[in-house]
Amino acid sequence: SRKVYLNDYKPFGWEVEQVSLTFRLSPRGTRVLSRIAFRPREGGRFFLHGEGLRLISAAIDGRTVTPEVTDEGLTCEVPDRPFLWEAEVEIAPEDNTALEGLYMSNGMFCTQCEAEGFRRITFYPDRPDVMAPFRVRIESDLPVLLSNGDPVASGKGWAEWHDPWPKPAYLFALVAGDLRAVRDSFTTRSGREIDLAVWVREGDEDRCGWALESLKASMAWDEREYGREYDLSVFNIVAVDDFNAGAMENKGLNIFNSALVLASPETATDRDFERIEAVIAHEYFHNWTGNRVTCRDWFQLCLKEGLTVYRDQQFTGDMRSAPVKRIEDAAMIRSRQFREDNGPLAHPVRPEEFIEINNFYTITVYEKGAEVVGMLHRLVGQNAWRAACDLYFERHDGQAVTIEDWLAAFRDTTGRNLTQFMRWYSQAGTPRLSVAEDWDGQTLTLTLRQHTPPTPGQQEKAPQLIPVALGLLHPSGPEILRTQIVEMTEPEEVVRYDVGALCKAAGLKTERPVVSALRNFSAPVMLEHDQSPKERAFLLRHDTDPVNRWEAGRALSRAALTAMATGGDADPQAWLEGLEAALTDETLDPAMQSLLLSLPSEDDLAQSLADAGEAPDPLAIRHAVEAMQDHMAETLEPVLTRAFEATAGTGPFRPDAAGAGRRSLHNACLTLLTRRDEGTRARETFARADNMTASLGALNALLSVGAGKDELAAFEARWQHDRLVMDKWFALQVMRASPEQATEVAERLTQHPQFAWKTPNRFRSVIGTLAGNAAGFHHPSGAAYDFFADWLLKLDPVNPQTAARMSTAFETWRRYGPERQARLRATLERIAASPGLSRDTGEMVARMLG
Ligand code: HT7
Ligand code: ZN
């Protein structure tokens with residue numbers, strides 16, 4: 001397979017002035033007629049992408065031409081002047097199981113064109129830097145016919161749409177089906193009324209309210225915070241059951257995985273509500289960060305994704321709790337992004353080469369990309385941030401641009417030289433930041449050192465610009481130095497604090513302070529700061545920075561758990577005392593208390609052991625976690641019981657942050673208390689539950705102690721006709737299965753009549769979840785590896801994009817001991833050697849094998 005390189009970028013030789021498309025829809029033989037007005041620029045070889053298309057006819061300015069067609073597209077002699085290209089092709093949406101291009105889901109036609117799906121619809125320069133206005137005519141007997149932009153006209157069996165905003169083909173969308181609309185409207189700050197609609201299958205209408213509320217909140221927020229207004233007369237969202245990812249920001253016609261649109265208290269958990277709110281916002285925010293200003297090429301993916309994730313994080317922080325959101329985001333980066341950055345799949349936020357771009361929709365591009373944007377925001381401050389964003393929109397509206405253009409807006413606004421900052425985009429890997437303390441009785445000297453280990457293809461690393469947020473606390477509790485940002489640029493820097501003066505100013509006796517470093521997770525780095533359990537327990541109680549308060553608790557529980565998992569001396573006393581204090585602190589938000597109560601994931605613990613040079617044993621980790629949960633339940637039973645009772649549901653379910661926080665704490669307490677009461681509370685909770693958060697919380701608690709058989713059956717009987725709830729039912733069983741039974745449970749579920757493996761949501765809920773059950777997946781029998789690989793190979797020819805993404809289950813293979821490593825390597829080699837492997841999965845497996 002051919003590699004594409006950032007440095008090989010060349011603009012397309014023609015401008016596309018206008019695109020007109022006519023679709024004659026039919027499941028096995030859809031005809032697509034295209035009329036495209038080209039105007040020469042640099043010219044060159046005229047090449048249009050096209051894959052899996054049957055060319056019926058082609059003409060230039062009305063005269064038939066016979067282009068040379070290959071598997072990837074066509075070339076043709078064209079005149080050296082503006083010309084009209086016309087072509088007719090035939091495609092078979094019903095046979096399109098890859099879910100890229102035009103495909104069918106439950107009798108409905110829909111599209112997914114990002115990144116390179118448009119070339120499966122018609123011949124076109126399918127690259128993001130070719131932007132044009134589109135007119136679309138759809139002919140079909142289906143009652144609802146939608147495309148991008150504003151509706152122009154419609155009649156029986158046809159509809160026409162016009163999108164005046166120049167857009168790349170990846171933002172094209174078409175939907176046709178027997179759909180129902182739930183409607184609302186939004187008046188922009190300039191007084192234009194926008195028609196909003198969520199389109200769903202019959203029967204789902206009563207689950208659209210939250211998506212519409214979230215959409216209106218997002219529209220208002222983008223106007224308020226960024227001065228960005230919506231720019232068409234309609235905004236449509238469609239829910240689709242068969243979808244490779246979460247959602248897609250097509251201009252004026254967002255298409256969503258139904259799991260990320262449909263919600264009612266009975267069927268969706270608080271997490272689902274929060275995710276729906278965030279993803280609706282994310283896709284809406286793309287209207288400016290991605291659509292009006294787009295990417296020059298796919299190497300610049302982080303330009304739209306990193307920025308849009310950052311914007312959706314800000315939105316969630318504003319709608320809910322900013323500290324809780326920041327802790328969750330920091331936790332996600334530290335576990336999942338660091339895992340990617342420290343393994344064989346490491347790549348820069350802006351990669352420089354790829355074989356299959358779909359493999360680069362990663363946590364590094366999205367989430368580390370968002371961290372980089374957040375660092376920039378914090379470095380320049382709020383006013384300059386807003387001014388630079390305004391300049392970026394003004395300068396580049398209607399253009400396809402690069403990270404250099406993005407940073408130029410900041411350089412030109414602030415006068416700052418951002419050359420070193422640019423390394424965050426070009427250098428892969430997680431910087432290690434160490435903090436060493438020296439105390440002479442008056443002055444505290446901190447020596448900060450940074451280094452980034454090599455990553456595949458990048459041996460040498462230069463120092464990064466790291467904003468290190470630091471604060472100091474007096475050992476009696478109060479803060480003596482408020483958060484201060486040290487902008488570190490060198491491999492080593494020394495910072496001195498006159499603690500005597502700071503203590504004096506605060507009216508306190510001079511004592512060695514406790515350092516709170518990397519507050520608010522001020523940079524995506526691994527902090528190495530050797531603090532004692534006593535200092536950590538102190539920070540857990542007193543730090544004014546919520547992220548570091550949580551981090552102090554995490555460090556304590558992590559240390560105890562890794563010691564337990566390796567047969568060492570574990571002393572969880574300091575942590576449990578801190579936890580008890582947090583649980584009885586009535587000023588603390590229940591959502592925060594719930595976060596403090598949560599343990600690091602088994603995968604995080606495995607990574608911590610690997611970082612310390614030990615081969616993790618996932619079974620030992622599972623036993624350690626269970627022993628710790630028993631210990632917590634026993635020691636904290638009275639406080640857990642009080643918190644459980646204090647958070648018992650009162651009044652109707654509202655999916656707001658306060659209610660979600662209470663329910664989260666309630667469920668966390670229930671899970672622990674179930675280890676003490678033989679499931680009595682969980683059974684009662686399950687029987688009384690009037691919302692999905694409570695039912696699933698109770699079921700989860702029961703399954704985690706090996707009980708809950710009857711409840712599982714009752715749940716299935718009640719929800720068997722609901723595909724979204726059934727996904728939860730499938731996933732929970734695999735997630736909570738014992739290490740010995742996990743593969744067997746997953747295997748049994750694949751025999752279930754509702755295991756529709758070609759539907760990505762269902763495949764992920766069973767097969768994907770097995771990889772999330774670390775102790776089950778890495779059971780020494782190796783059964784899970786074989787089972788997982790067999791399913792991956794079955795899925796690969798049907799849906800390569802989803803198969804490739806799932807293959808990352810093996811990304812950590814090198815962290816395990818020799819026996820597991822040998823099995824994992826053999827499994828990867830078996831996948832790599834299998835005939836006809838897709839380019840998508842082939843690239844992933846080759847990178848993992850190194
Ligand atoms: N920009 C989109 C990314 C995407 C995608 C979505 C659905 C199916 C396949 C996809 N490939 C890429 C979604 C987003 O990040 O907003
Ligand atoms: Zn996005």
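This is a predicted model: local features need pLDDT of at least 70, side-chain atom pairs count only at pLDDT 80 or more; totals for chains, interfaces and linings use all residues.
1. Helices (H or I, at least four residues) and strands (E, at least two) are DSSP runs, numbered from the N terminus.

2. Residues are numbered from 1 along each chain as its sequence is written, and chains are lettered from A and ligands numbered from 1 in the order in which they are written.

3. Around ligand 1 there are 13 residues, the closest being Gln 112, Glu 114, Asn 244, Ala 245 and Met 248, where a residue is near a molecule if its C-beta atom, placed from the backbone, lies within 6 Å of it.

4. An open sheet is built from three strands in the order E28-E27-E30 with antiparallel pairing, two strands being paired if DSSP finds at least two bridges between them. Strand E28 (479-488) and strand E30 (514-517) stand at the edges with a single partner strand each, so one side of each has no neighbour in the sheet. Seven bridges join strand E27 (residues 466-473) to E28, and Pro 467 has Glu 487 in E28 as its bridge partner.

5. The protein as a whole comprises 28 helices and 31 strands. Its C-alpha trace spans about 90 × 65 × 60 Å along the principal axes.
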